Every structure is written in structure tokens, then in C-alpha cells.
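Have the model open as you read.

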Amino acid sequence: MEEPAKNIEDLSRTLVRVLDDDHEAKGPWDPSLDKGILLKALRYMVLTRAYDDRMQRVQRQGKISFYIQSLGEEAISIGQGLALEPGDMLFPSYRNQGLFILRGTELVDLMCQCLSNTGDMCKGRQMPIMYQDPARNIFSISGNLATQFPQAVGWAMGSAIKGEKHIAASWVGDGSTAEADFHYALTFAAVYQPPVILNVVNNQWAISSFQGFAGGERRSFAARGLGLGIPGIRVDGNDLLAIYAATRWAAERARSGHGPTLIEHVTYRGGAHSTSDDPSRYRPKDEWAAFPLGDPMDRLVQHLVKLGYWTDQEHTALEAEMKTVVDDAWKEAVSFGTMTEPPFLGADLMFEDVFKEMPDHLKKQRDELMELSGETS
Amino acid sequence: MSQMNMIQAINSAHDLIMEKDPTVVVLGEDVGYFGGVFRCTDGLQKKYGEHRVIDAPIAEGGIIGTAIGMGVNGLRPVAEIQFADYIYPGFDQIVSELARLRYRSGGEFFSPVTIRTPCGGGIRGGQTHSQSPEGIFAHISGIKTVMPSNPYDAKGLLISAIESDDPVVFFEPKRIYNGPFDGDPDKPGVSWSSHPMGEVPEDYFNVPLGKAAVVEEGDELTIICYGTIVHVAQAAARLTGVRAEIIDLRTLFPLDVDTLIKSVEKTGRCLVAHEATRFCGYGAELVSTVQQECFWHLEAPIERVAGWDTPYPHAFEWKYFPGQKRVAAGIRKVMEAG
């Protein structure tokens, strides 16, 4: 754990795995998780997938404008969320809904955000999936790529300045490593050694361009920090146990003053980039099925079955239970309104929160709009 | 009271606020051990330590991005961008993140970052050390934009900026760091000691954001300006003998519209002057506002004097800079019209 980056460079070249092809936990990275944690991980992975499935379908029904699934990548948010402490600050990307779900953000709140309705935490200002949860230490999702990376580093610098033990973690995709913000984050992390975990979720695809367009064919993304002396570790991103172990290792490094770690999670984007995307135009339909690292949920299930902790019947029951949880949440969420059904947000909300206090010209513009729409604010 | 130039006034503002509020941190290129290329943060690292006065890598996007994260973590960061001309690598972090964090999160997150940056020409800086990009920032919803014209205001406004829970971009006209400049490069430089606004309280005080100052009263013409041009406009008005009311905006956003209206309703004539380029410049907003609010009081078209719409040229600096002659010509044009 205390090794400098140069002595552990091989971690950025190999693929850290715990679950082998026979679904058994093997090797030095086995975190030896107890049954309770494993079942909790599975439960939240199933819930995340059920949530995604429902939201994908309501988008198709025209109830929300847009959606982004995390299909095939659930183990990353759930495994890392379990490995981090509640006081650690998370700076998610747009495919990290599992972090919110694991930390206990109500599904109704996530749904209301997607609906831009009267229960929307963002007050109708953000596209669907741009959640936040300050009470659970999860930052606001931007929509611009990689901007949260240097912010997470700054947050971690703040933690060190204040003498606190909380660490920060952030996520970008393989494609976004090309952004300047990724490199700013790495440079500042290398210079100041703040307690931060920087994650690259390499799901092979940046909308239509494969990870080679971010330079992924030359060297691994995990190796991006080595030139700066930041240790990198390349992990099987469909192996919940490996993800948990690597995150735990990086978190302990950070918490004990050994600075930043870059983790690459090798996974596969199971669905389209978003509901606005059609992957059949640029990749084979059966590519995911041929992906050698499989489906993270199936792999965890097989592992649990092998350990005697789980049965197919129990799994079917869990999926049905989670579907009901999601269905119930959706019924409650739409009671706060949809884009086509009342109650609607008041348009005067548009003018709030631009500044802490509303300046005069915004009050005038608000009044002008309200008068035109025959409303009063 | 004490004699201070603008650099000392800015330094004093940092010192007082850092002493008062332990969450204030300073970061930027060369700001720590060295004390800043213009010396605005001189001595602060020695006094407050490396954890509060942080030398940063040469990466403006990283400086602003990490400052935002520190702000989210309860600190109150003051980021120095060494020259306004260097701010663009951080532009996305300012526009897409800093300015909109409060809005996009429904008021649940904010980051009270102040970005200080020296701007303007007249120092032989060529096109990469002379720009006045304030109009670009005033155009963005969610940030406040400030430019003082003297040491007293620099200190008082900077304290207000740092204390503000809204992000502020604080432009420092570097030509007048050491003394007021009336636009005549052939005259020997003068120091702030001969100027009343070089008298600055040593203790804490503030100048509120969003309030303009009437620096000279007059009844024939209103000149709206800010930064270095305030001093140029005063000299140009004297040159023409016109009794001009000169308004120093001090804060570009939020704009103190009431002070402008009151003055133009009295004078009936208006000239807008700034160093920045003219096309889509901040002056266009001023002209539009005055036209809309004071149309029936206007006796002549509003005149605009600005930098030419070219990059800032090294060899032709004084042909580019809107100096006394150009401002005086603008004054005569407004006075002769109508």
C-alpha cells in the first residue's frame, strides 16, 4: 500500500480479477466479503438494473425526455460505493446512478428529477439523470464531461487542508480521458497528493467511437498517471469483488496519506449511450455477448450460487421484488406531476438560484414573464 | 488611513480576510513563495502557510476546477489567474461549472470562488498581456463582474467579492496598479500618493458590489466608464472644458442602472468608454440600457469610445488605447450633435 507508483507499475498493465471463469474467488485480491455484504451488493445491482429498465421504458413512452442506462456497469458503482465510507465525497459521471441508489437516495427523488416535476431536486433545470444528493455526499452531475475530475481533486485538497479524513472519488469514461480536465486533475493530484480516487470507466465506447479514439490501444488508461507518479490499477470492471478490493486498497492509501490512485475499470456498455443513440449503426448487436468479461450481475449470481448463498429461485424472487419497489416508486413520482400532467413547476422558479439573492433585473424579467403568462409570482 | 497603491490595497484585503476567516485560501501561479508576479499576494504564504496560500501548476483550468471543489468543501478560495489573457483554459470551468452550480443543483450546492486577474493594456504587453475580456464574463448568468479604478475601491470591493457566496470575477487594471494613468504615455508616471483614493483604511471595510460611484459631478454630459478609463475620461473632460458627470461603474454586473438613469436624465447626453474591443463589447449593453431607460431625455445619440476591433498590438499600443484624444473627440461629438 505504501509502495511508490514505480514499484507497482505492473498493476496498470495486468487485469486485477478475483472471480475466475468458474465463478470462484481466487488470488491475493480476494476481499473475503461476508455473505451479508455480497447479498447487499447483489440486491443493489438488481435494484439499479430494475430502475434503469423502468426509466428506459418510460422514456420510450414519452414520459421523460431522455435517459441513460448503466446496463453492464452496475458492479462499479455498487462495488465502489460499498468500499467507500459514507463521509467520502463522490463526484459521479452520468452513468453512476448505482452510487445514489446504494447510498439510499429515494428512487422517487431520482425519478422526480428525471420528470422535472414538482419534486425535482434540480427545480426543473437539468436534463434527466443529472442528480445530486448533498445529504449523502454526492455532488451534482454536470452534463459537461470530465469537469468533475479536477473538482474532486480540489475537494480532496480541501479535506487535507482542513485536516479531515474524508476522501473524494470521481468517475469519467474512457472517452473523456481526452479532456484537458482529466489531465489537470491528474497533475494537481500528483503535485498535492490529496486523498482522492480517480476512476476511468472503460466501457469500450464513447457514443460511437471505440476507446482507441482516446488512445486506449497504445497503453491502458490505468497507466495515464504513471508519468506523474500516480499509481494506476486496471481492474476487471465486471467483477464486483475485484472492484471492491481495488477501491478499498486505493481508499486506504488515500486515507493514510499516500495520495491519489487511478483505477481503470474494464467493462462494457451493455446498452446504447443514451436514449438518443442507436448503437446498431456502429457496433455489432452481439458484441456484449462476446465480451470476455461477461455480465457483472450474472457473475456475482453464479459466485453466490457456487458458495451456496443463493439460488435461481431466490434470484427470480429478488428481481420481482425490486421490480415492485420500482413500480411503487414510479406511481409515487408521477403524483408530483410529469411534463404533460399537473402539478407543474411554476416558471418563476427559472429565475431563482442564479445568484444567492435575486438581482433586480431578474425580478423584472420574472415579473414580465409572469404577466405574459397571466400568472403572478 | 494609510497611503497604498492598488497592489498594497489588494494585498491588505487578502491579509485581513485571511486573518478573519480561516476558510479563505489563495491559489494561483507564483502566488505563494514568490508573492505573485505583481506582488499582490506578497508575504501571505509566510504568514498563513503553504496550505492556505498555494503555488499552483500552470494550468488555469486546473486552478479554477480545484478551486470549485475546495469551495464545495466549505473553503472560500481566491484564485489568481496571472493575466486575464490566460483565463481561457479555465473558461469552461467558469461558465459551465462555477457560474451554474447553484442553479443546476436547485440551490443545494454552491462554490464561493473569487477569481482575481490583472487586465488591460498600456504596459507594452502585446496581444497576450493586454486584454480586457470583462464583457465576456459579464455576459454569463451566475457570476458577478468587478473592476476597480483605485486602491480604496480595490480593497473594499475585493473584500466584498471574497465574502460573497456568489462567484466573482475580479478584474484588476494593471496599468494603474502603481498610480493613476490619464492616458498620456509621454507624461512621467504618477503614484497613488497624489490621489485621494490612494488613502486607504488599514482596517477592514468594504465597498458593496453593484454600486457605481459618481467620481465627478457635472450637468452637461454623462461619461460611463470603469477601470483605467475613469482617469482618462477625467483628463479628457478637462481637455474639452465640458462639465461632465463621470460615473465609475466599479461593478459591471450587477449593473447599477439607477445611478446611470439619474445622471443621464440630468445631463441629456451620454458617452460610454472602455478599453475593451467595441463590437459586442460591454459598452453596447450600457448604450442599450441608457437608450431604453432615458430615451426621452437624450438630446444626442449616445457615443461609444472603445478599443479598436483588433487584437491588442505591441507596436501600436498608444494608437490602440482609447486615450485622451479619442475620448475628447467622443465628448465633442456628443456635445455638437442634436
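This is a predicted model: local features need pLDDT of at least 70, side-chain atom pairs count only at pLDDT 80 or more; totals for chains, interfaces and linings use all residues.

Leaving aside residues up to four places away in sequence, B:Ala233 touches B:Ile223, B:Cys225, B:Ile246, B:Ala273 and B:Val327.

Now step back to the wider setting of that residue. In soluble globular proteins, nonpolar side chains tend to be buried together. Here, the largest nonpolar core has 211 residues, and B:Ala233 is among those that touch the most other members, along with A:Val196, A:Ala246, B:Ile223 and B:Ile331.

Next, look at where the two chains meet. Chain A brings 34 residues into contact with 35 residues of chain B. On the chain A side, the elements that give two or more residues are α5 (148-161) and α6 (180-192). Of these, α5(A) supplies the largest share, 10 residues. Sorted by class, the chain A side consists of 18 nonpolar, 11 polar and 5 charged residues.

Finally, turn to a pair of helices within chain B. Two packed helices are described by the angle between their axes and the distance between the axes. For α3 (residues 60-72) and α4 (residues 91-98) of chain B, the angle is about 30° and the axes are 8 Å apart. Angles under 35 degrees count as roughly parallel, so α3(B) and α4(B) run roughly parallel to each other. From α3(B), the contact uses B:Gly61, B:Ile64, B:Gly65 and B:Ile68, while α4(B) contributes B:Asp92, B:Gln93, B:Ile94, B:Glu97 and B:Leu98. By class, this helix contact has 4 nonpolar, 3 polar and 2 charged residues.

Terms used. Residues are numbered from 1 along each chain as its sequence is written. Chains are lettered from A and ligands numbered from 1 in the order in which they are written. A nonpolar core is a set of buried Ala, Val, Leu, Ile, Met, Phe, Trp, Tyr and Cys residues joined through C-beta atoms within 7 Å. A residue is buried if 20 or more other C-beta atoms lie within 10 Å of its own, exposed if 12 or fewer, and partly exposed in between; C-beta atoms are placed from the backbone. Two residues are in contact if their C-beta atoms, placed from the backbone, lie within 7 Å. Helices (H or I, at least four residues) and strands (E, at least two) are DSSP runs, numbered from the N terminus. Ala, Val, Leu, Ile, Met, Phe, Trp, Tyr, Cys and Pro count as nonpolar, Asp, Glu, Lys and Arg as charged, and the others, Gly among them, as polar. Axes are lines fitted to C-alpha atoms, for helices over the stretch in contact, and angles run from 0 to 180 degrees between N-to-C directions. Angles under 35 degrees count as roughly parallel, over 145 as roughly antiparallel, 65 to 115 as roughly perpendicular and the rest as oblique.
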